[in-house]
Amino acid sequence: MASDEHCLMCFEALDAHLDGRKPLSLDRLQASWASYASTQPAASRSSLKDPALRRVAAETDSSSSSSSASPASGPTPATSTSSLPLGPTSTPLFVTWNTVSDDDGAGGGHDDDDDDRCLRGCIGTFEPQPLSVGIPEYAVISAVHDSRFPPVTRRELPRLQAAVTLLTDFEQVEDPYDWQIGTHGIRLSFHSGNRRYGATYLPDVAAEQGWSKDKTLFSLVRKAGWVGSRQRWKDLDLKVTRYQGKKHSMAYPEYKKWKDWAEASGQ
């Protein structure tokens, strides 16, 4: 499952690209985020979605309580992130950028489903990628090379939301309707004439749009570039692969808050 650190990595990679600098590595970012999480007030920690980060916060509270009740015996070593369950290290993935309406306040840090979001870019790969390489690479590609949109500019950053979806459980199905809205993404391919067509929708798309399976499949056929008659699309020999993957998102203000803390603390 994607995490806060993965979304932070997207912002860090894009911010670095726009500045012409080298971004932090994912390992260094994960360690910094764990330290940052341990400094947040208890009320803020309860909102952390990642169980590993909640445990870091809890261990820090426990360590602080113990040290106040016993003589100090030197600095408390930092919690090592290498022992935390951070999920897979290599997987197919997609990075999505959204513009968040100012009226809804882009300050919401995580998965703000009620925000008025507009797609700003989405590109990924079905080939397994080392997350330390794939996430920053596709964060930049989806922000500046999605042909449907002009490249993201620095002025837009404060209104952006980054979302990462790690893809799992690929299954080719015999029936094009053998998938569940809100659970499965679908990858569709077919031939028409002498041309091969293909397109995909991530697991959240059909549910967010309120589409039926028919509407989703027809929209995918159109997305793939097929321009035949609407009455003929069901005659196409559709090959469908279903897959799963839960999107995790974060808005820019949460990245900025961590970035300011990291710079101030020399992280």
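Trainee: Starting with Glu 12: buried or exposed?

Mentor: Glu 12 counts as buried, because its relative accessibility is 0%. Buried means under 20% relative accessible area, exposed means over 50%, and partly exposed is in between, with a 1.4 Å probe and protein chains only. This is a predicted model, where local features need pLDDT of at least 70 and side-chain atom pairs count only at pLDDT 80 or more, while totals for chains, interfaces and linings use all residues. Residues are numbered from 1 along each chain as its sequence is written, and side-chain values use heavy atoms, with hydrogens and water left out.

Trainee: What does Glu 12 form a salt bridge with?

Mentor: The partner is Lys 259, with the closest N and O atoms 2.9 Å apart. A salt bridge here is a side-chain nitrogen of Lys or Arg within 4 Å of a carboxyl oxygen of Asp or Glu. Helices (H or I, at least four residues) and strands (E, at least two) are DSSP runs, numbered from the N terminus.

Trainee: Where do Asp 204 and Lys 247 lie?

Mentor: The side chains of Asp 204 and Lys 247 meet in a salt bridge at 3.2 Å, N to O. Asp 204 lies in the loop between β6 and α6 and Lys 247 in strand β8 (residues 247-251), so this pair ties together parts 43 residues apart in sequence. Both residues are buried.

Trainee: Back to α1. How many of its residues are buried?

Mentor: 13 of its 16 residues are buried, and α1 is mostly covered. The helix runs over residues 4-19 and reaches 22 Å from its first C-alpha to its last, close to the 22 Å expected at 1.5 Å a residue. That expected span is 1.5 Å times one less than the number of residues. Gly 20 follows α1, and its phi is positive, near 70°.

Trainee: Which residue other than glycine has a positive phi?

Mentor: Asp 169 does, with phi near 55°. Asp 169 lies in strand β4 and is partly exposed, at 46% relative accessibility. Most residues other than glycine have a negative phi.

Trainee: β4 is in a sheet, then. What is the strand order?

Mentor: The order is β4-β7-β5-β6, an open sheet of four strands with antiparallel pairing. The edge strands are β4 (168-173) and β6, each pairing on one side only. Two strands pair if DSSP finds at least two bridges between them. Strands β5 (residues 185-192) and β7 (residues 239-244) pair over five bridges. Arg 187 has Thr 241 in β7 as its bridge partner.

Trainee: Which helix packs on the sheet?

Mentor: Helix α7 (residues 213-223) does, touching β5, β6 and β7, and its direction makes about 130° with that of β6. Axes are lines fitted to C-alpha atoms, for helices over the stretch in contact, and angles run from 0 to 180 degrees between N-to-C directions.

Trainee: New topic. Where is Leu 202?

Mentor: Leu 202 is in the loop between β6 (195-201) and α6 (205-209). Its relative accessibility is 7%, so Leu 202 counts as buried. Beyond neighbours within four places in sequence, its contacts include Phe 94, Cys 122, Gly 185 and Tyr 243. Contact means heavy atoms within 4.5 Å. Leu 202 and Gly 185 are 17 residues apart in sequence and 4.4 Å apart in space, C-alpha to C-alpha.
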